[in-house]
Amino acid sequence: MQRNDSNQQDLVRVAVIGTGISGSACAAGLVQGDAQVTLFEKSRNVGGRMATRRARWQDTTGAEQSVCFDHGAQSFTPVQPRFKAMVKRAVSAGCVTPWNPLVHAERLETTAPVLVVSPTMPALCSHLLGDLTVHFNCTVRRLQRAADGGWFVAADGMPLAGPFDQVAVAMPPAQAAVLVAGHHDDWADALMARRMEPCWTLMAVTDDVDWPWDMAEPSSGPLARVLRSDRVPGRTAPRGMAVWTAHATPEWTQAHLEDDPSVVSALLQDALRTQLPTVGPGAVAPRWHHAVVHRWRYARPELSGEVSVGSDGYLWDESLALGVCGEHLVGTGIEAAWQSGDELADAMAASFERPKPPVRAVVTAR
Ligand SMILES: Cc1cc2nc3c(=O)[nH]c(=O)nc-3n(C[C@H](O)[C@H](O)[C@H](O)COP(=O)(O)OP(=O)(O)OC[C@H]3O[C@@H](n4cnc5c(N)ncnc54)[C@H](O)[C@@H]3O)c2cc1C
């Protein structure tokens with residue numbers, strides 16, 4: 001996706017902050033519209049809440065074992081035509097695969113096929129980003145505006161970056177609010193008011209047995225969803241073991257938000273144990289090989305709320321050349337996030353044709 005140096009001088013320079021699915025969609029759309037895109041990401045990898053975590057431990061023989069957990073988003077079902085078209089290309093590229101999980105809610109049933117990303121969930125963002133430049137381990141602290149327009153990005157671990165002609169902020173609302181405050185305070189206030197639900201997630205490895213289901217959605221107790229992760233296409237487990245990802249309900253998480261992770265892990269292991277069949281003549285519970293928890297402070301937007309500025313699925317101020325995208329501006333889930341980023345890219349690209357203000361490397365203090 002990168003152009004050669006002579007062509008790059010004519011391109012509009014855009015900074016995208018965040019490489020979740022909304023930032024990735026925005027960057028991919030901007031490149032189609034002839035922008036030179038640079039991304040900034042606070043983590044080591046792309047994907048945001050389409051996340052994967054590798055766990056390593058030593059088994060009882062001292063041998064090193066490892067597995068991958070998709071501990072954020074796990075699957076999706078496309079609805080809108082534009083999203084479907086992008087997903088179709090991702091299926092052709094081999095990074096998205098249909099899957100028919102056997103689900104246990106009130107009863108055992110096969111659902112309509114869902115889509116999963118292979119080999120792990122962040123691969124869809126990598127697919128969209130291609131070889132675009134991403135600065136990793138780089139938390140953006142401030143956006144600074146030059147006197148005559150043009151943006152500079154102040155991030156941990158690197159010199160001030162810029163100037164950029166446009167900036168897109170692609171992250172959960174409370175984090176986006178920090179970066180737009182001082183530039184667009186009405187956006188910052190509205191984003192701060194957008195409430196997100198938290199989620200404690202247990203990632204565990206037990207003995208393998210012949211489980212009757214791939215996914216359970218308990219109707220009561222601390223757990224909202226349990227996934228037998230190694231049954232997802234493209235995932236594996238060490239021989240004789242089963243890999244689990246269990247998401248707690250928002251209510252349970254809220255009640256235990258500041259608890260010590262070891263306490264949360266023990267409670268969620270108990271909850272998971274009650275979902276798993278016992279095995280053998282003495283009805284023995286499976287042995288645990290590994291367990292760790294992750295706290296998502298900003299997991300999903302509260303469904304009842306909405307952002308009170310703008311009527312589009314993104315925020316864009318052409319005079320400031322500043323935009324915001326993310327699932328919270330459309331609804332919830334991967335498709336909502338993608339749509340927000342894709343639509344913001346269209347709005348930003350529409351202004352490429354219009355004359356842009358001269359950019360001087362003069363930085364205003366904020
Ligand atoms: C536990 C859980 C389960 C879920 N299950 C599903 C599911 O099954 N199906 C579904 O469709 N959706 C699911 N979702 C929701 C889905 O993950 C989100 O809708 C989607 O991933 C949001 O994408 P985003 O780009 O808006 O934000 P994010 O994915 O949060 O991306 C924001 C990015 O910005 C980066 N960032 C933040 N602040 C800064 C900063 N200051 N500087 C630099 N970088 C920064 C972050 O590191 C991150 O990479 C789930 C979410 C969670 C947490």
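Which residues of helix α5 (residues 173-180) are buried? In this predicted model, the buried positions of α5 are P173, A176, A177, L179 and V180. Viewed down the helix axis, these buried residues fall within an arc of 165°, so they line one face of α5. The elements that cover them include the strands β1 (12-17), β10 (140-145), β13 (166-170), β14 and β20 (322-325), together with helix α6 (185-193). After α5 comes G182, whose phi is positive, near 90°. In α6, the buried residues are W187, A188, A190 and L191, and their cover includes α5 as well as β19 (315-317) and β20.

Of the contacts with a separation of 6 or more, 69% are between residues 24 or more positions apart. The largest nonpolar core comprises 71 residues, and V16, C26, A27, L124, A168 and V169 are those with the most contacts inside it. C26, when residues up to four places away in sequence are left out, touches V16, A168, A170, C325, G341, L344 and A345. A second, separate core of 27 residues includes C199, W200, A204 and W244.

The ligand is surrounded by 37 residues, of which G18, G20, S22, G48 and G333 are the closest. By class, this shell has 15 nonpolar, 17 polar and five charged residues. At least two residues of the shell are supplied by each of α2 (21-32), β14 (196-207), β18 (288-301) and α9 (334-350); β14 is also among the elements covering the buried residues of α5.

Several features of the backbone were also noted. The peptide bond from S118 to P119 is cis, with omega near 0°, and P119 lies in the loop between β8 (114-117) and α4 (123-129). A cis peptide bond also joins G162 and P163, with omega about 5°, and P163 is placed in strand β12 (residues 161-164). N137, although not a glycine, has a positive phi of about 55°, and is located in the loop between β9 (133-135) and β10; because N137 has 13 C-beta neighbours inside 10 Å, it counts as partly exposed. A321, likewise a residue other than glycine, has a positive phi near 60° and is found in the loop between β19 and β20. With 23 C-beta neighbours inside 10 Å, A321 counts as buried.

Key:
Residues numbered from 1 in each chain as written. Predicted model: local features only at pLDDT ≥ 70, side-chain atom pairs only at ≥ 80, totals over all residues. Near = placed C-beta within 6 Å. Helix = DSSP H or I, 4+ residues; strand = E, 2+ residues; numbered from the N terminus. Nonpolar A, V, L, I, M, F, W, Y, C, P; charged D, E, K, R; others polar. Contact = placed C-beta atoms within 7 Å. Core = buried A, V, L, I, M, F, W, Y, C linked by C-beta atoms within 7 Å. Buried ≥ 20, exposed ≤ 12 C-beta atoms within 10 Å, placed from the backbone. Arc of directions from axis to C-beta.
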